[in-house]
Amino acid sequence: MKKVFLSLLSATFLALGAQEASAQTPYRTAIGIGIDVGDGPTLVGPQIKHSFGGANAGNAQVLFGEDIVTLGVDYSYNQQIPGTNGLGWYVGVGPQLTFVDDDRWFGWDDRWDRRGDRTFFAIRPAAGLEYKIPTAPIAFHFDWKPWWNLTNRSSFEPARFTLGFKFTIK
């Protein structure tokens, strides 16, 4: 009897913990399109966001532009805004590799000697809002995501933003 009671008690705590974790994020996984805009070129490509439970999530994207390919992953801390139905905020950070052909990103060809193709390593912090439509499997996000290049004459570009349109999967 004691084993059955302990098993039921453990199952109850696990179920309540899972319910609490799902209450932090309105979906488990989402796939869609990301658009990176601001000073410099506009980049577009696929992205995936996955909740690891509670407030923790990861996001990965591959973005393409004219002579540019960017690979990035981010960790984000997510919270729903109390009193709203589907609106939340998040902050995060992650590394990014950008492959540029002919130094044409952000007009660098005017400031640098022409050296051909380059690879840049950057850190990208993010702060934004995400809205999950309660009655549909669709979510949108908008964030401020500056580009802090740590290689090839380090630079910081604060005027970068991302938009995302995602299909959510429970």
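Two strands pair if DSSP finds at least two bridges between them. Helices (H or I, at least four residues) and strands (E, at least two) are DSSP runs, numbered from the N terminus. The model is predicted: local features need pLDDT of at least 70, side-chain atom pairs count only at pLDDT 80 or more, and totals for chains, interfaces and linings use all residues. Residues are numbered from 1 along each chain as its sequence is written, and side-chain values use heavy atoms, with hydrogens and water left out.

**View 1. Strand 2 and strand 3 form a hairpin.**
Strand 2 covers residues 43-53 and strand 3 covers residues 56-65. The two pair in the antiparallel sense over 7 bridges. His 50 stands opposite Gly 58 in strand 3. The hairpin has 2 residues between the strands. Gly 54 takes a positive phi there, near 65°.

**View 2. Strand 3 and strand 4 form a hairpin.**
Strand 4 spans residues 68-80 and pairs with strand 3 in the antiparallel sense. There are 10 bridges between strand 3 and strand 4. Gly 65 has Ile 68, in strand 4, as its bridge partner. The hairpin has 2 residues between its strands. Asp 67 lies in the loop between strand 3 and strand 4. Its phi is positive, about 65°, although Asp 67 is not a glycine. Asp 67 is partly exposed because its relative accessible area is 25% (buried means under 20% relative accessible area, exposed over 50%, partly exposed in between; 1.4 Å probe, protein chains only).

**View 3. Side chains alternate along strand 7.**
In a regular strand the side chains alternate between the two faces of the sheet. In strand 7, Ala 139, His 141 and Asp 143 point to one face and are buried. Strand 6 and strand 7 pair in the antiparallel sense over 6 bridges. Glu 130 stands opposite His 141 of strand 7. Strand 6 and strand 7 make a hairpin with 5 residues between them. Strand 7 also pairs with strand 10, in the antiparallel sense over 7 bridges. Asp 143 has Thr 162, in strand 10, as its bridge partner.

**View 4. The largest cavity holds about 220 Å³ of space.**
A cavity is a set of points, on a 1 Å grid over the protein atoms alone, where a 1.4 Å probe fits but cannot get out; lining residues have an atom within 4 Å of a point. Grid points are joined across faces, edges and corners, and a volume is the space filled by probe spheres set on the points. The structure holds 2 cavities of 30 Å³ or more. Of the 21 residues that line the largest cavity, the closest to its centre are Asn 59, Asp 74, His 141, Asp 143 and Lys 145. Elements that give two or more residues to this lining include strand 1 (29-38), strand 5 (87-100), strand 6 (118-132) and strand 7 (138-144). The lining of the largest cavity divides into 7 nonpolar, 8 polar and 6 charged residues. Ala, Val, Leu, Ile, Met, Phe, Trp, Tyr, Cys and Pro count as nonpolar, Asp, Glu, Lys and Arg as charged, and the others, Gly among them, as polar.

**View 5. The second largest cavity has a volume of about 100 Å³.**
It is lined by 15 residues; Thr 25, Pro 26, Lys 49, Asn 78 and Glu 130 are the closest to its centre. Strand 2, strand 4 and strand 5 each supply at least two residues of the lining of this second largest cavity. By class, its lining has 5 nonpolar, 8 polar and 2 charged residues.

**View 6. Asn 149 sits in strand 8.**
Strand 8 takes in residues 147-149. Asn 149 counts as buried because its relative accessibility is 0%. Leaving aside neighbours within four places in sequence, Asn 149 is in contact (heavy atoms within 4.5 Å) with Phe 120, Phe 121, Ala 122, Ser 154 and Ser 155.

**View 7. Phe 167 is found in strand 10.**
Strand 10 runs over residues 160-169. Phe 167 is partly exposed, as its relative accessible area is 46%. Leaving aside neighbours within four places in sequence, Phe 167 is in contact with Thr 29, Ala 30, Ile 31 and Pro 137.

How values were computed: On a 1 Å grid over the protein atoms alone, a cavity is a set of points where a 1.4 Å probe fits but cannot get out, and a pocket is an open set with protein on both sides within 12 Å along at least five of seven lines; lining residues have an atom within 4 Å of a point.
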